[in-house]
Amino acid sequence: YNDSNVYPASNWMNATFDDILWPSGPARIGFESTSPTWLNTTLQGSGSYALVSYYFRTNFTVADASKVINMSFNIDYDDGYVVYLNGYEINRSGSMAGVDATSHSALTAAAHNWICDVPAGSTYPDCVGNDATAPFYPNIPLNSTHLGYLVNGNNILAVVIKQLSATSSDAMLILDLNGWESGGTPWHANKTINISGTTNSTNIT
């Protein structure tokens, strides 16, 4: 991950980008100004505020990309995200609609509180009008175009997390990658606090 408060490079989400100097750590990963005990990896902030942008990368291996017939991911976040597969954007949160993800200082267009992804029918007082009845860690299916971005061997999943305000008190990312290969068994993360590919992973770079 990159929590340096500096835009890494225009190709930071590509497989060719060298992230050897980036730190790594297990998810749940983020920043919290008051009680960070729920985090497994705490990111740097600016005083008591989260940085506007954080960048994440992880890799997974696919033996034969042509056999992958289904992929999806589960995600929880605060306040907005864009996900890339091998450098191609495959999904972004509604809070990132119209936002230039290549601008390090760009803010999200809406808020999303990570605790507000609760089971349908449940509510929290501060989540009214803020995804209060969204599925817990909503599942985002990928389409055939997205599957076409897979390559045999090493693949890179990259995520940028952004905030609604420069004075946001928290930032967070949890993401699971799931897939199904033709004639094979499904591969998935064991737990939502980890990012996984064909094998389980405990660290995010």
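What follows is a conversation about a predicted model, its sheets, ring pairs and cores.

Colleague: What makes β5 and β8 edge strands?

Modeller: The sheet in question is open, with four strands in the order β5-β10-β7-β8 and antiparallel pairing. Strands β5 (53–62) and β8 (88–92) each pair on one side only, and they are its edge strands. Neighbouring strands in this sheet are turned by 25° against each other on average, direction ignored.

Colleague: Why are β7 and β8 said to pair?

Modeller: Two strands pair if there are at least two bridges between them. Strand β7 (residues 80–85) and β8 have four bridges, in the antiparallel sense, so they count as paired. As one of the partners, Tyr88 in β8 is bridged to Leu85.

Colleague: Which strands make up the five-strand sheet, and in what order?

Modeller: The order is β2-β1-β11-β6-β9, in an open sheet with mixed pairing. Its edge strands are β2 (41–42) and β9 (139–141).

Colleague: Why is the pair of Trp12 and Tyr84 called edge-to-face?

Modeller: Ring centres must lie within 6.5 Å to pair, and planes over 60 degrees apart count as edge-to-face. Trp12 and Tyr84 are 5.7 Å apart centre to centre, with 80° between the planes, so both conditions hold. The pair links distant parts of the chain: Trp12 lies in the segment before β1 and Tyr84 in strand β7, 72 residues apart.

Colleague: What makes Phe17 and Trp22 an edge-to-face pair?

Modeller: Their centres are 5.5 Å apart and their planes 65° apart. The whole structure has seven aromatic pairs, and ring pairs link Tyr7, Trp12, Tyr55 and Tyr84 into a cluster.

Colleague: Why are Trp12 and Tyr84 called buried?

Modeller: Buried means under 20% relative accessible area. Trp12 has 1% and Tyr84 has 6%, so both qualify. Phe17, at 14%, and Trp22, at 13%, are buried as well.

Colleague: Which residues have the most contacts inside the largest nonpolar core?

Modeller: They are Phe56, Phe73, Tyr81, Val83 and Leu150, in a core of 32 residues. Strands β1, β5, β6 (68–78), β7, β10 (153–162) and β11 each supply at least two residues, and β6 gives the most, with five. A second, separate core of 13 residues includes Tyr55, Tyr84, Ala101 and Val160. In soluble globular proteins, nonpolar side chains tend to be buried together.

Colleague: What does Leu150 touch beyond its sequence neighbours?

Modeller: Leaving aside residues within four places in sequence, the contacts of Leu150 include Phe60, Val62, Ala65, Val68 and Met71. Leu85, Asn86 and Asn155 are also among them.

Colleague: Is Ala106 buried or exposed?

Modeller: Ala106 has a relative accessible area of 15%; the limit for buried is under 20%, so Ala106 is buried. Its place is in the loop between β8 and β9. Ala106 and Val52 are 54 residues apart in sequence, yet 7.5 Å apart in space, C-alpha to C-alpha. Not counting residues up to four places away, Ala106 touches Val52, Val99, Asp100 and Lys162.

Conventions:
Residues numbered from 1 in each chain as written. Predicted model: local features only at pLDDT ≥ 70, side-chain atom pairs only at ≥ 80, totals over all residues. Heavy atoms only, no water. Axes fitted to C-alpha atoms, helices over the stretch in contact; angles between N-to-C directions. Phe/Tyr/Trp six-rings, centres within 6.5 Å; stacked < 30°, edge-to-face > 60°. Buried < 20%, exposed > 50% of the residue type's maximum accessible area, 1.4 Å probe, protein only. Core = buried A, V, L, I, M, F, W, Y, C linked by side-chain atoms within 4.5 Å. Contact = heavy atoms within 4.5 Å.
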